[in-house]
Amino acid sequence: MSTVENWRALLGARSTDEVVTKALVRDVQLPYGAGTMALITLDNGFDHTKPNTFGPNGLFALNGALSEIAERSDLAAVGVTGKPFIFAVGADLKGAAALSTREEALAIGALGHHVFRRLGELAIPSFAFVNGAAMGGGLEVALHCTYRTISSGVPAVALPECFLGLVPGWGGTQLLPRLIGPANAIKLVIENPLSQNRMVKGKEAYELGVADAMFEPADFLEESLRWAARVVKGELAVERPAHEEDWDKTVADARFLVDMKLRGASPAPYRALDLIAQARTASRNEGFAAEDEALADLLMGDELRAGLYSFDLVQRRAKRPAGAPDRSLARKVTKVGVVGAGLMASQMALLFARRLEVPVVLTDLDQARLDKGVGYVHAEVDKLLGKGRVSADQANRLKALVTGSLTKDAFADADFVIEAVFEDMAVKKQVFAEVEAVVSAECVLATNTSSLSLTEMGAGLAHPERLVGFHFFNPVAVMPLLEVIRGAATDDPTLATAFAVGKSLKKSSVLVKDAPAFVVNRLLTCFMGEVVTAVDEGTPLEVAEHALDGLGLPMSPFALLQLVGPAVGLHVAETLHEAFPDRFGVSENLAKLVAAGKPGVYRPDFTLDPEAVALFSGGTSPSTAEQVRERVLAALAREIRIMLDEGVVAAPQDIDLCMILGAGWPFHLGGITPYLDRTGIAQPRFLPPGVASLPA
């Protein structure tokens, strides 16, 4: 029995539900008399909404096509492209989750290598024509080819494996650094996945050296074939720059940055760095075998299951918000008003203008503040122009869309007005009273409050049914979460409009009940409160600050406090203490920090400020780091259980989604609720009625 037949016997039972990506072969006569190319089109038979992926049967299909091609003597070249808009997006993740033994995991890695490497080891040159999204194993298919072209319209090129708890295990860690250098490879393999799974577009991939040529989408395949013909005939020599950088230093620097970000919490990026380091000297067989071993280890780890659970949340549940009204009820938004012209308001104004492409008008109390807010928007547009993110015409249009007014009369024809003023109930109620006096009866009124009651805020309005919470996270353009809060009187058309606007803004919206501090701020305040209380009791600040480093959180507690501002943190703590005095306290020492005007406990150079630290001294009951960690996680488990019992969200998955997208809960841990279940901290389990278990 051949090796391929052994793999088929071992993996066949695991691939019965696979959507098979077929390798459809047709002969194409290359221009200029360059000969015949066998062009493989990867196609799973569905449109672009179900991208091409590789499970065992898809790999066997491609292997069969390559076997037939290898037997032919009439071919000048082989090409690989994808169906419209999609090249291929990697391994079949459902199939990966179904692997139950290390032997199976090792086999799927070896099978991928066996098939893909044939593209680079044929007797004729191979060309990848990357016409659409290329991610994971899809990008690795292209890397195995001798040459690559890419469409300038490709929306996503990425190796997201480290984001999910894996490594690029079908050649990516070996071929990419040799092609584009270790620094650029580390950017695609590690840095981008750890930065909210950032992806690059076709143009940037070309500039990084991933592709040898780039063509426009309209005639991409035709131009790619012409280019390939010139290469085959020897009329065009493909030159790739040598990479003179210090390979070992580049990897060491990257390891330091990964340590700073993850503190050893996630094994995948470290394995990827080891493989990239090995790529400098390893033979192809050695490098691919090392990838097989790494992939097998990680496929059998808890981190993958956790990562796949997180991935499912952000890819599926986030796109179908639980409890959102029918979209047909949403009202059209043709103009937006923003009350306030501070930093948060200005960020929102720019986002509304960019995504909705409608007029946006800011108001504030004086011309100086207004000019500063509008000026901020214009300056940010200029930055986008300088980076090539918008054209000159687009920049001019965006600037024209955002204006300022000293009176709220400018909101008279607005369909959506959001406030971003000081977090004080009286101030917000006054703002909405003034706005309601000038807007139409159907204009949606939205508040960006981080903790205050919508029901109380709307109590004095003539139409409280059109008030909705629309809570952004800072920075507005970057953070993907939008908490949409339904007050006691909020009606379905208002809520539907809020969700429609959130979708247009490219945010992931979660429906939240009108409860103090909603989801993210309530849990972060719980988290911070336990850490600060431990310090108040006498735990050294440095011990408490780093007690949860092992989780790989994006920020330590006091660094987070510095980001949001001690005054804001104190205000939210006071709000929650008023609502739940038995569970949320208010630190006197934090109040002292605010009264002293300190921005936090860190100085600008990120060293501790002795004066700020001294404000927290005096306690006599210190805790160990382990005690602080257990205390924080137990408090979070208790608060989440209460929130679910109160119906703050529809299900535990919504809390997980909020924490991943709004608080940076590590993707590799899965959601916070399965993590607390998995570690035995949560009692009882966070399960909705009728559900036996959540994914690990």
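1. Contacts. Of the chain's contacts (heavy atoms within 4.5 Å) between residues at least 6 apart in sequence, 74% link residues at least 24 apart.

2. Basis. This is a predicted model, where local features need pLDDT of at least 70, side-chain atom pairs count only at pLDDT 80 or more, and totals for chains, interfaces and linings use all residues. Numbering starts from 1 along each chain as its sequence is written, and side-chain values use heavy atoms, without hydrogens and water.

3. Overall build. The chain has 29 helices and 17 strands (DSSP runs numbered from the N terminus: helices are H or I, at least four residues; strands are E, at least two). Its radius of gyration is 28 Å, close to the 26 Å of the globule rule for 696 residues, so the chain is as compact as a globular protein of that length. The radius is taken over C-alpha atoms, and the rule is 2.2 Å times the number of residues to the power 0.38. Along the principal axes, the C-alpha atoms fill a box of roughly 80 × 60 × 55 Å.

4. Burial and surface. Buried residues (under 20% relative accessible area, 1.4 Å probe, protein chains only) make up 54% of the 696. The chain exposes about 28,700 Å² (Shrake-Rupley method, 1.4 Å probe). Carbon and sulfur atoms supply 54% of that area.

5. Three strands lie in the order β4-β6-β8, with parallel pairing (at least two DSSP bridges between two strands). β4 (86-88) and β8 (157-158) are at the edges; each has a single partner strand, so one side of each lacks a neighbour in the sheet. Two bridges join β4 to β6 (residues 133-135). Alanine 88 stands opposite alanine 134 in β6.

Technical notes
Buried means under 20% relative accessible area, exposed over 50%, partly exposed in between (1.4 Å probe, protein chains only).
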